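Student: I'm new to this one and would like a close look at a single part. Could you walk me through it and then show me how it sits in the rest?

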Amino acid sequence: MNPTSIPAIKLNLYKYPLSLPVLRFIFIPKYPYSSSSSSLQTLNQSQTNSISNSLYHLLPQTQNPNNIVNLICSNLKQHNSNLALLHTEVNALLPHLGAQEISRVLLRCQSDSFTALSFFNWVKNDLGLRPSTQNYCIVVHTLAWSRNFSQAMKFLCELVELVKDDLPSEDVFKNLILCTEDCNWDPVVFDMLVKAYLRMGRVREGLRSFRRMLRVGFVPTVITSNYLLNGLLKLNYTDRCWEVYEEMERFGIAPNLYTFNILTHVLCKDGDTGKVNKFLEKMEEEGFDPDIVTYNTLINSYCRKGRLDDAFYLYKIMYRRGVVPDLVSYTALMNGLCKEGRVREAHQLFHRMVHRGLSPDIVTYNTLIHGYCKEGKMQESRSLLHDMIWNGISPDSFTCWVLVEGYGKEGKFLSALNLVVELQRFGVSISQDIYSYLIVALCRENRPFAAKNLLERMSQDGHKPELEIYNELIKSFCQCDCIAEALLLKMEMVDKEIKPNLATYRAVIGCLSRLSRSMEGESLVGEMVASGMLPDLEICRALFYGYCRENDIDKAESLLSFFAKEFQIHDTESFNALIRITSAKGDIARSLEIQDMMLKMGLLPNPLTCKYVIDGLWKARRVDSASLMK
């Protein structure tokens, strides 16, 4: 479509309201000038409407608000877009510069896109005004007409984002159409709008603009159509892809090889590989032979679905049709073989690929290394690692991870640590995830000192350990009764502004209680409360049993009462243990007192409570009988 067919477009626009709101602006001087869009100033129309005053004509031309457009245009023409001089000459009239005036200046400069662009940027960046949707559309049309497509696309993307964030009621497509009545324009602008929406990640709006183009009589290019198909594919809108393809056929948009490759990918993503052959036949009927992208898409799809026979059949067909498999083809086939546990065959294919002159990349090596690691063949994986480094390919985070994890699954953590040291010697950066994995694994192997050394190396590499890593280390030290190291780590956490949590205190208090240092553990409860944290049942039991082990029954009893009163922790198990201890000592009176205390707290004695009380009564009776016999 060309500009001469615009009447046909107007007929199709009757369904859209044609009233276009025009924003007006007020100039607010800014020193120094800033281009920040967040500081652009906008006011409502009623606040900035020009005042039609019959006395304005008596003012000098340079002070007449009604003459601001003429002054700006004249100055731009005379001084070759010297914006500093323009600012000086029209400074007094800038409060009268609104959206309508900006549009009039842009329209009068449309034959000189450089001047129009300079003026638009001056308004937006130096004056701090936010151009209206109409202003943007005029400058976009002007730039596209003069073939300055990159700048036009930049402003379209800017406008799309502006409308999304601040002017949701504005219709960019309609505004672009309306502006064609007054300025030079090129239908390519509407293709660019579709691409702008897609570039900004707004695929639905891109699809809507594509369909509106068709409704008003524009025919998008096949490049725009492919751009849209690719955007829909990335979001898994496969049904929409076929709808767009049908619309392309209906409106005579001839597909190209790229179109068919995208749709082949759609078929594979749908899992409908049964329709692939028919689609390829149609592709060939249209005069397009499958290329390397087509074959690679199909091979990759077949390999992912475990259809290796079909994938290798295509691999052979490629040679017959003169399409030489590339690195992507071989890597996809190797990945398929590795998933089937046929790593040796994948390695043979790797050698065949190298023999045919293709150099493996990081993805190829990672595919094989991962395959060997899954089978526990770490020697072969390590050999491939050395091979890739020798060939100048630096291992990435995935390479490091699969190797470390492979050693971890074999329980060979010393080998994993040696690997880390070796990789660092080669200048490979070790990720925080790998450090964290190894520290946790060593802790669970009850090797906290080795884990602590790795923590120090992790910090030296610039990684900041997280709370969970510190907790794993503290827990591991506590399980080994190394309380001094655990307390030092807790202090280190606080120094690094990492706040200990409930798990931290559970581990430390539990260890202190087990080491007959229950008083220190109880002091940590006070520290917890002061930091806004409440102890739980596990901490209560740890302290209770700690005092019991220290034979401080009075303290154990008062602790239970304290936790019940302050933290509403009522533990029948601990009370039963206390009754068992006092009954075992023959202090039945105290056992009965503890039972009464339980009842007052609302705790009902259970069968164990009764058993311990009865055992105590029976023991007391036997003691009395023995004393009477004497």
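Student: Where is the place of Arg304?

Tutor: Happy to zoom in, and keep in mind that this is a predicted model. Arg304 sits in helix 16, which covers residues 292-304. With a relative accessible area of 45%, Arg304 is partly exposed.

As background, side chains of opposite charge can pair when their charged atoms come close. A search of the whole structure turns up 27 salt bridges. Take Glu472 and Arg444, whose side chains meet in one of them, at 3.0 Å from N to O. That pair links distant parts of the chain, with Glu472 in helix 26 (residues 467-479) and Arg444 in helix 24 (residues 432-444), 28 residues apart. Glu472 counts as buried at 19% relative accessibility, because the cut-off for buried is under 20%. Arg444, on the other hand, is exposed, with a relative accessible area of 60%.

Now look at Glu456 and Lys452, whose side chains also meet in a salt bridge (3.0 Å, N to O). Here both residues lie in helix 25 (residues 448-460), four residues apart, which is about one turn of the helix. Glu456 is partly exposed, at a relative accessible area of 39%, while Lys452 counts as buried at 19% relative accessibility.

Another pair is Arg506 and Glu538, where the closest N and O atoms of the salt bridge are 3.7 Å apart. Arg506 belongs to helix 28 (residues 502-514) and Glu538 to helix 30 (residues 537-549), so this pair ties together parts that are 32 residues apart in sequence. Arg506 is partly exposed, with a relative accessible area of 31%, and Glu538 is partly exposed too, with 47%. Salt bridges can also join up into a network, and Arg211, Arg240, Glu243 and Glu247 are linked in that way.

Let's move on to the loops. Arg147 is found in the loop between helix 7 (133-145) and helix 8 (149-165). Its phi is near 70°, a positive value in a residue other than glycine, and Arg147 is exposed, with a relative accessible area of 52%. Asp481 has a positive phi as well, about 60°, although it is not a glycine. You'll find Asp481 in the loop between helix 26 and helix 27 (483-495), where it is partly exposed, with a relative accessible area of 38%.

Finally, step back to the whole protein. There are 34 helices and zero strands, and of the 630 residues, 49% count as buried. Among contacts with a separation of 6 or more, 65% come from residues 24 or more positions apart. The accessible surface comes to about 31,200 Å², and 52% of that belongs to carbon and sulfur atoms.

Key. Residues numbered from 1 in each chain as written. Predicted model: local features only at pLDDT ≥ 70, side-chain atom pairs only at ≥ 80, totals over all residues. Heavy atoms only, no water. Helix = DSSP H or I, 4+ residues; strand = E, 2+ residues; numbered from the N terminus. Buried < 20%, exposed > 50% of the residue type's maximum accessible area, 1.4 Å probe, protein only. Contact = heavy atoms within 4.5 Å. Areas by Shrake-Rupley, 256 points an atom, 1.4 Å probe, with all protein chains shown as cover. Salt bridge = Lys/Arg side-chain N within 4 Å of Asp/Glu carboxyl O.
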